[in-house]
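Good morning, everyone. Please have the structure open while I talk.

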Amino acid sequence: MDKPHQVTPDIDVLPAHFPIPGMGFLPINAFVIKAAEPVLVDTGMGMDSEEFMKALESVIDPQDLRWVWLTHDDADHTGNIRKVLEAAPEARLVANALAVLRMSTAWPVPMDRVYWLNPGESISVGDRKLTAVRPPLFDNPTTIGIYDEKSEVFFSVDSFGAILSSPAQDADEIREVDLSRGMSIWATADNPWVHTLEPNKFSQGLDKIRQMAPKMILSTHLPPARNKTEQFLKLLADVPTSEPFVAPNQAALEQMLGQMKGGG
Ligand SMILES: [Fe+2]
Ligand SMILES: [Fe+2]
């Protein structure tokens, strides 16, 4: 885990980064929205369990949380969900019904604490409305991003993520060429289906984000990005026709293992 920091007067990021051998680092963020009814967005990686809970406690007393918004049930988002629900007894778990169903195959999700939400639906958290939004790219059918109307921030889940050559605290610190390359690789690696899309159809989805015009994009897999929406949308528009990502195969693994042996 990296050090939590504030991105707006009432939003904190709980950042971490995951090394990807031979490629760089993937940011993995959770967020706390200090709304009248405080919200935790996602729960980090299970391998960071102790550190994650400490980072959360440094930002808010988990007992004060009223909502835990799970954007989808992938492991890099659900890592500490059970611990968080224990530490935050007053919090309800906001998730898509299918995410809850899928998680229920692994652990007994407390159904009386669950709040089911579909894209387009909203919850009120006291001082603002949070609306569930399906981001333009997603790697899991249960994905619900968030548009926070008060802060005009879009929590874009896996969309707008990037593999970076070194960890950064803010998207402004990343060289533009590295950002474009890292975002394009991530988009194709995480969403191989993007190449089956009609580029015009995909652009219509991007236009929805353009109309939303968020001031800030908070992706799980990118440092906070202010005033970069148009730049990002232009970048993503080219992804359907870009080169498909091919994951390393066994020959690549053997080469990597050989290098590790040689080096150690
Ligand atoms: Fe995902
Ligand atoms: Fe993810």
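Let's start with one residue, D139. At 28% relative accessibility, D139 counts as partly exposed. Why that label? Because buried means under 20% and exposed means over 50%, and partly exposed is what lies in between. One caution before I go on: this is a predicted model.

How far apart are the iron ion (ligand 1) and the iron ion (ligand 2)? They are 3.4 Å apart, and D158 coordinates both. Which protein donors hold the iron ion (ligand 2)? They are D76 (OD), H77 (NE2), D158 (OD) and H221 (NE2). Their distances from the iron run from 2.1 to 2.3 Å. The chain spacing here reads D-H-x80-D-x62-H. H77 lies in helix α2 (residues 75-78), while H221 lies in the loop between β14 (216-219) and β15 (225-226), so these two tie together parts 144 residues apart in sequence. Both H77 and H221 are buried.

What about the geometry of this second site? With angles of 83 to 167° among the four donor atoms, the site of the iron ion (ligand 2) is irregular. For reference, ideal angles at a metal are 109.5 degrees for four tetrahedral donors.

The largest pocket has a volume of about 370 Å³. It is lined by 15 residues, and R134, P135, P136, G205 and K208 are the closest to its centre. Which helix gives the largest share of the lining? Helix α6 (residues 199-212) does, with eight residues.

Stay on helix α6, and find I209 there. I209 is buried, at 2% relative accessible area. Leaving aside neighbours within four places in sequence, I209 is in contact with P136, F154, F160, P214, T229 and L233. Of these, P136 was also named at the pocket, among the residues closest to its centre. I209 and V133 are 76 residues apart in sequence, but their C-alpha atoms are 9.5 Å apart in space.

Last topic: the cores. In soluble globular proteins, nonpolar side chains tend to be buried together. Here the largest nonpolar core has 26 residues. Which members touch the most other members? They are L14, L40, L56, V68 and L93. At least two core residues each come from β5 (30-33), α1 (49-59), α3 (81-87), β8 (92-95) and α4 (97-103). The largest share, five residues, comes from α1.

Take a closer look at L14. Not counting residues up to four places away in sequence, L14 touches M1, P4, I28, N29, A30, V32, L40, F52, A55, L56 and V59. There is also a second, separate core of 25 residues. V133 is one of its members, and others include A162, L236 and V239.

That's my tour. Thank you.

How values were computed. Residues are numbered from 1 along each chain as its sequence is written. Chains are lettered from A and ligands numbered from 1 in the order in which they are written. This is a predicted model: local features need pLDDT of at least 70, side-chain atom pairs count only at pLDDT 80 or more; totals for chains, interfaces and linings use all residues. Side-chain values use heavy atoms; hydrogens and water are left out. A nonpolar core is a set of buried Ala, Val, Leu, Ile, Met, Phe, Trp, Tyr and Cys residues joined through side-chain atoms within 4.5 Å. Buried means under 20% relative accessible area, exposed over 50%, partly exposed in between (1.4 Å probe, protein chains only). Helices (H or I, at least four residues) and strands (E, at least two) are DSSP runs, numbered from the N terminus. Contact means heavy atoms within 4.5 Å. Donors are N, O and S atoms within 2.8 Å of the metal (3.2 Å for Na, K and Ca); water is not among the atoms, so sites may look incomplete. Four donors count as tetrahedral if all angles lie between 85 and 135 degrees; four count as square planar and six as octahedral if opposite donors are over 155 degrees apart and all others between 65 and 115; anything else is irregular. On a 1 Å grid over the protein atoms alone, a cavity is a set of points where a 1.4 Å probe fits but cannot get out, and a pocket is an open set with protein on both sides within 12 Å along at least five of seven lines; lining residues have an atom within 4 Å of a point. Grid points are joined across faces, edges and corners, and a volume is the space filled by probe spheres set on the points.
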